[in-house]
Structure formats: C-alpha cells, structure tokens
Amino acid sequence: MASSHAVLMRLVASAYSVAQKAGTIIRRVLAEGDLGIVEKTCPTDLQTKADRLAQMSVCSSLARKFPKLTIIGEEDLPSEEVDQELIEDGQWEEILKQPCPSQYSAIKEEDLVVWVDPLDGTKEYTEGLLDNVTVLIGIAYEGRAIAGVINQPYYNYQNNEKQKLREHGNEAKAGPDAVLGRTIWGVLGLGAFGFQLKEAPAGKHIITTTRSHSSKLVMDCVAAMNPDDVLRVGGAGNKASVLLKKL
C-alpha cells in the first residue's frame, strides 16, 4: 500500500534510523578493539573498519527502501553482498508527524541524491577523540542541499566519570543517567531538530575551523576575520554541532 507521506519525509525518517544504526556500528568496532586502519591518500587520510561497515549499512539500507535514489558514499568500496545484520529497516516516526514543506511535497524518489560520510572525523576516532566523530547523511534536490541527518555516536560519553562505556542493546549509556549519542535532523523550510538552541553571545565573533588539516591559508583566513574565539575541532559534522552549542 502506498504511503501517504511525502517521499522526502519518508527518506529523512529512514535516514534518521539508519544513522543511528551506523553510530551503533561505530561504537561496536571501537569496543572490539580492531579498527582495521588503512591509509587512503596520506597518513592523515585514514579509513577504518568502522568507516567501511557504517557505509555499507547506510547505503544498503537506504537503497533497499528507496531503490530509485542516487546514493554517493565517501568510501570507495567494492560491490559485495551486505550482511543482513547491517541492514536497518526502521524509520523515526516523529519525523513523519511533521508536514513536508510544500515546495518539496511532490518530489520523486529518482530526483533526490543522498551523500554519505559514514564516519566523519576518522583521524580523531583513531586517536580516541570520540566527541569529534559523526555520521553524516545529506539529501540534495536539483543540486541543492535540502535536508540532512547528523548522528553523534559519542555525544555525552564524557559524562561518565571514568569514561567507561556500557552497552545496553541498541542503546548505550554513559554514567547512570546520560544517554550516549544523539541524532540531529533538519529539512529546509521546516527547521532543525534534536538539539537545544542557545542564543549567540552578544558581540562575540566565534569561528570554528579544522583541527588536523590546517595550513597557512586557513590560518590567514581565520586571522583576517578577527575572531573573539577560535574553536579547532575535527570533523565537519562536529563543527556544526559545536557551533550549535555556542549559539
């Protein structure tokens, strides 16, 4: 039976659950201890077993549910059969309760392009700087980003006194009360959800920039903007989340 929900909202709802699944995979690989690290182009451009498994999970899960989508993953992986345990078939029902912006309500599945970075902040992941790690799923229409999901697998992990992680099925916990991990999502024209927005500090000019890929050009650009504060962090998704905390 055909769904009454717009394709875009169904895709975002699925991407939310798929991103959470990828976050679980990323935590599991680290807990098992064998990261399977390989260099791609240079010593700072790394790929791990978690990158590979998370991408297979995200791309295969979305492709099964939306076979007409164009899906582009960051990692160059060979075509192979994906283990069923990597497949996520769920969707976040809260998203389906939201109205689709009218300009996107008639979009067809084949008109959408999904961009996947299965583990943004890989270098930081290998160094144990876990709050830098994110799963990124972007959705584009006619060459323009219109929706996306950011999963932070280790959000709240420092709330544990000794930073010891305990897994409880698909929900990991850090400390007695803090839930480990969160997922942020948004649709252009609807809004962004999954975080607490704060007001920007009055009169403050805050810049976030790369932690591990700096250069003279980057430093000169930052200096030219005369910032009050510079936040040097890893991962594009983490930079976005850091700004949300500072706003």
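1. Two strands are taken to pair if DSSP finds at least two bridges between them. The model discussed here is predicted. On that basis six strands form an open sheet of mixed pairing, in the order 3-4-5-6-10-11. Strand 3 (70–73) and strand 11 (191–193) stand at its edges; each has a single partner strand, so one side of each lacks a neighbour in the sheet. Averaged over the sheet and ignoring direction, neighbouring strands are turned by 15° against each other.

2. Within this sheet, strand 5 (residues 134–141) and strand 6 (residues 144–152) run antiparallel and are joined by seven bridges. In general, strands of a sheet pair through backbone hydrogen bonds, in either a parallel or an antiparallel way.

3. What lies across strand 3, strand 4 and strand 5? Helix 2 (residues 49–65) does, and it runs at about 155° to strand 4 (112–120).

4. Helix 2 also meets helix 1 (residues 7–32): the two axes come within 9 Å and cross at roughly 155°. Angles over 145 degrees count as roughly antiparallel, and helix 1 and helix 2 are therefore roughly antiparallel to each other. The crossing of helix 1 past helix 2 is right-handed.

5. Which residues make the contact between helix 1 and helix 2? From helix 1 they include Leu11, Ala15, Val18, Ala22, Ile25 and Val29, together with the charged-side-chain positions Lys21, Arg28 and Glu32. From helix 2 they include Leu53, Ala54, Val58 and Leu62, with Lys49 and Lys65 also among them. Taken over both helices, the contact residues divide into 12 nonpolar, three polar and five charged.

6. A further strand pair is formed by strand 12 (residues 206–210) and strand 13 (residues 229–233), which run parallel with five bridges between them. Together with helix 5 (residues 216–224), strand 12 and strand 13 make a right-handed β-α-β unit.

Key
Residues numbered from 1 in each chain as written. Predicted model: local features only at pLDDT ≥ 70, side-chain atom pairs only at ≥ 80, totals over all residues. Heavy atoms only, no water. Helix = DSSP H or I, 4+ residues; strand = E, 2+ residues; numbered from the N terminus. Axes fitted to C-alpha atoms, helices over the stretch in contact; angles between N-to-C directions. Contact = heavy atoms within 4.5 Å. Right-handed = clockwise from strand over helix to strand, strands pointing away. Parallel < 35°, antiparallel > 145°, perpendicular 65-115°, else oblique. Left-handed = near helix turned anticlockwise from the far one by under 90°.
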